[in-house]
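Subject: Structure handover

Hello,

Here is the structure we talked about. Please load it first, then read the notes below it.

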Amino acid sequence: MRIGIDIDDTITKTHEYVIYLKKKHLPEYNPYELLPDEIFKSFIDKYERDIHQNVELKNGVKEALDYIHEKGHKIIILSSRGSFYKTITEDTAYQDSYDYFIKNKLHFDKLYTNLKEKTEICKEKKIDLFIDDNIKLCQSVEDAGIRVIKMFREDDKESNFEIAKNWQDIIKIIKEMN
């Protein structure tokens, strides 16, 4: 099976790390609310690489990727990193992500960054299962006929997706698929 997996807020605790950085460096703002556009742009300019290099892994992700790899499935990492704010280059987004995976000893077969939209690459790479936290991306990929597991987020509204609250849920779903 070919499994496409997002990085931020799927493999990593990006949202929590951004809140931590906002509390530390922008104490005058509520860390749980959106920043004004100019402040946000400045914040991202300053901390985007820090986020990509130092964000904590979600609980159980290493063990899950180990399991997926051991079962012979292909792990295709599909990330939007580098596509939105242009504070870092596409090459830097790729290298930071690659280095992060190596540093954390995470299995992967292919890594793609700078993806604003993921449906076409999922079709091109013949992805069988897509795992992401973004509801719009999940919907687009599912509409293309690819099975989706949506990683739970606190701000989730009702959805029709198969939801995983953690990586143990994802492993359980993958085991049931085999």
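Helices and strands here are DSSP runs, numbered from the N terminus; a helix has at least four residues and a strand at least two. Keep in mind that this is a predicted model.

**Overall layout**

On that basis, the protein chain has 7 helices and 6 strands. Read from the N terminus, its elements run β-α-α-α-β-α-β-α-β-α-β-β-α. The chain has 178 residues, and a compact globule of that length would have a radius of gyration near 16 Å; the chain has 16 Å, which agrees. The C-alpha trace spans about 50 × 35 × 30 Å along its principal axes. Of the 178 residues, 46% count as buried.

Start with β5, residues 147–151. How many of its residues are buried? The count is 4 of 5, so the strand is largely enclosed by the rest of the structure. Buried here means under 20% relative accessible area.

Strand β5 pairs with β4, residues 129–132. The two run parallel and are joined by 4 bridges. Between them the chain passes through helix α6, residues 135–143, and this β-α-β crossover is right-handed.

Arg-147 and Glu-162 form a salt bridge, 2.8 Å from N to O. Arg-147 lies in β5 and Glu-162 in β6, so the pair ties together parts that are 15 residues apart in sequence. Arg-147 is partly exposed, at 35% relative accessible area. Glu-162 is partly exposed at 29%.

**Other salt bridges**

The structure holds 10 salt bridges. One of them joins Arg-49 and Asp-96, at 2.7 Å from N to O. Arg-49 sits in helix α2 (residues 37–54) and Asp-96 in helix α4, so this pair ties together parts that are 47 residues apart in sequence. Is each partner buried or exposed? Asp-96 is buried, with 3% relative accessibility. Arg-49 is partly exposed, with 38%.

Another salt bridge pairs Glu-124 with Lys-125, at 3.3 Å from N to O. Glu-124 is exposed, at 55% relative accessible area. Lys-125 is partly exposed, at 21%.

There is also a network of salt bridges. It links Asp-6, Lys-118 and Asp-132.

**Helix α4**

Which residues make the nonpolar surface patch of about 260 Å²? They are Tyr-94, Tyr-98 and Ile-102. Tyr-98 lies in helix α4, residues 90–103. At 32% relative accessibility, Tyr-98 is partly exposed.

Phe-101 is in helix α4 too. Its relative accessibility is 1%, so Phe-101 counts as buried. Phe-101 and Leu-111 are 10 residues apart in sequence, and their C-alpha atoms are 9.7 Å apart in space.

**Two backbone points**

Most residues other than glycine have a negative phi. Lys-105 has a phi near 55 degrees, a positive value in a residue other than glycine. Lys-105 lies in the loop between α4 and β3 (110–112). With 61% relative accessibility, Lys-105 counts as exposed.

The other is Lys-126, where phi is also positive and near 55 degrees. Lys-126 belongs to the loop between α5 (119–124) and β4. Lys-126 is exposed, with a relative accessible area of 59%.

Best wishes

Terms used: Residues numbered from 1 in each chain as written. Predicted model: local features only at pLDDT ≥ 70, side-chain atom pairs only at ≥ 80, totals over all residues. Heavy atoms only, no water. Buried < 20%, exposed > 50% of the residue type's maximum accessible area, 1.4 Å probe, protein only. Pairing = 2+ DSSP bridges. Right-handed = clockwise from strand over helix to strand, strands pointing away. Patch = residues over 30% accessible without salt bridge, like charges linked within 9 Å, V, L, I, M, F, W, Y side chains within 5 Å. Areas by Shrake-Rupley, 256 points an atom, 1.4 Å probe, with all protein chains shown as cover. Salt bridge = Lys/Arg side-chain N within 4 Å of Asp/Glu carboxyl O. Rg over C-alpha atoms; globule rule 2.2 N^0.38 Å.
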